[in-house]
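Subject: Structure for your review

Dear colleague,

My findings follow directly after it.

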Amino acid sequence: MLQCCLNGARPADVYPAVPMSPRHLARDARAVAALGVASLHVHPRDRDGQESLDPRVIGTVVDAIRREAPEIEIGITTARWVEPDPMRRTEIIAQWGRLPEHARPDVAAVNVHERGWQRVCEALDAVDIGIELGVWTTGDAVQLKQAGLPRGTARVLAEVTVTDPDTAVAEAVRILKALGPVPAPILLHGEEAGAWPVLEYAKRNNLDTRIGFEDTLKGPDGTWLATGNEELVRYALGKDVAGRYERRRNGTRAGGLRSSPLWPGSRAEHRR
C-alpha cells in the first residue's frame, strides 16, 4: 500500500507547490488517488496557515478531500506540537466524533514517544477513528512492544528520522528489528534525503510505504524540486514523469532549496 503525505508540519510558505488550504489538499488528493494511492496523511491548517486540531478545521478539510477522492482513506495528525496538552487533545478528539461521517477522518497518527499517547489512542478508538502508531526510534519500538498495540490500531508507522541517505536504511533496519513481529501492518518511510532510500527498501521487502511533500520536496535524485505530490507519487510507482529530462538537459529547475539538512517542519526538528 502506498500512502501520500500531502503537506506535513512544514511552514505555509516553504514552497508554493505544498498544499495547505482545503481546496489545494483536495486537488492533490484527487490527483494521487487517480494514480492508485490508497491512503492520505494530512496536517489540516486554519485560515492563517497554522496547524489545527479544531473540529471545524478538521471537518472542512476532510469534507473537501472526500468530495474529490471519495474512496481514499483520510488520516490526520494528533501531534503534540499542534496541541501540547494530551488531556486537551483527548477532549478535542471527542468532538471529532460528533462530525458528520463524510467530514470525519478515517485514521489519525499518534506518536508513541509523546506523553499521554495511550490516552489519545483510547479517545480515538472511542469515536471509531483508526490509529496509526508513530514509531521514530528503536526506543519507541521497545516502548510499543512492551505496552502492546492499543485497540483500534490500523497500522504501525516506522518513521526513520535519520536524513543521511547513506545511513537511513540502516536505521530503518534497526527500528524494524526492535519492533519485531506486530499484529498490524507496518508502514515504513523516511524523510528528506533519506526518504527515497527507505522507500525503495520498503518496496523490496513488501512493506507499506509513503511519499509526499511532508517527507521530501525533491525527487529521487535529491536535486530537483518536485512540481507536486502527484510527481512524487509517480516517481514512487516507477511511472514516467513528463518533462523532467527536458528540464535537466536545459539546466533549469523549479526554484531553489535551502541547504540545511534539517528542513523546517521535519520530524527530526520536532523531536529535539
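The side chains of Arg155 and Glu132 form a salt bridge, with N and O 2.6 Å apart (a salt bridge being a side-chain nitrogen of Lys or Arg within 4 Å of a carboxyl oxygen of Asp or Glu). This pair connects distant parts of the chain, since Arg155 belongs to strand E6 (residues 153–159) and Glu132 to strand E5, 23 residues apart. Arg155 is buried at 8% relative accessible area, and Glu132 is buried at 0% (buried is under 20% relative accessible area, exposed over 50%, partly exposed in between, with a 1.4 Å probe and protein chains only). Together with Glu73, these residues, Glu132 and Arg155, make up a network of salt bridges.

This is a predicted model, in which local features need pLDDT of at least 70 and side-chain atom pairs count only at pLDDT 80 or more, while totals for chains, interfaces and linings use all residues. Residues are numbered from 1 along each chain as its sequence is written, and side-chain values use heavy atoms, with hydrogens and water left out.

By the rule above, the salt bridges number 16. Another of them joins Asp215 to Arg210, with the closest N and O atoms 3.0 Å apart; Asp215 is buried at 0% relative accessible area, and Arg210 is buried at 2%. Arg88 and Glu91 also form a salt bridge, at 3.4 Å between the closest N and O atoms. Those two lie three residues apart in helix H3, so about one helical turn separates them. Arg88 is partly exposed at 35% relative accessible area, and Glu91 is partly exposed at 42%.

As for the fold, eight strands close into a barrel in the order E1-E2-E3-E4-E5-E6-E7-E8, with parallel pairing. On average, neighbouring strands of this sheet are turned by 30° against each other, direction ignored (axes are lines fitted to C-alpha atoms, for helices over the stretch in contact, and angles run from 0 to 180 degrees between N-to-C directions). Helices (H or I, at least four residues) and strands (E, at least two) are DSSP runs, numbered from the N terminus, and two strands pair if DSSP finds at least two bridges between them.

Which strand is largely enclosed by the rest of the structure? Strand E4 (residues 107–111) is, because five of its five residues are buried. Val107, Ala109 and Asn111 cover one side, and Ala108 and Val110 the other.

Yours sincerely
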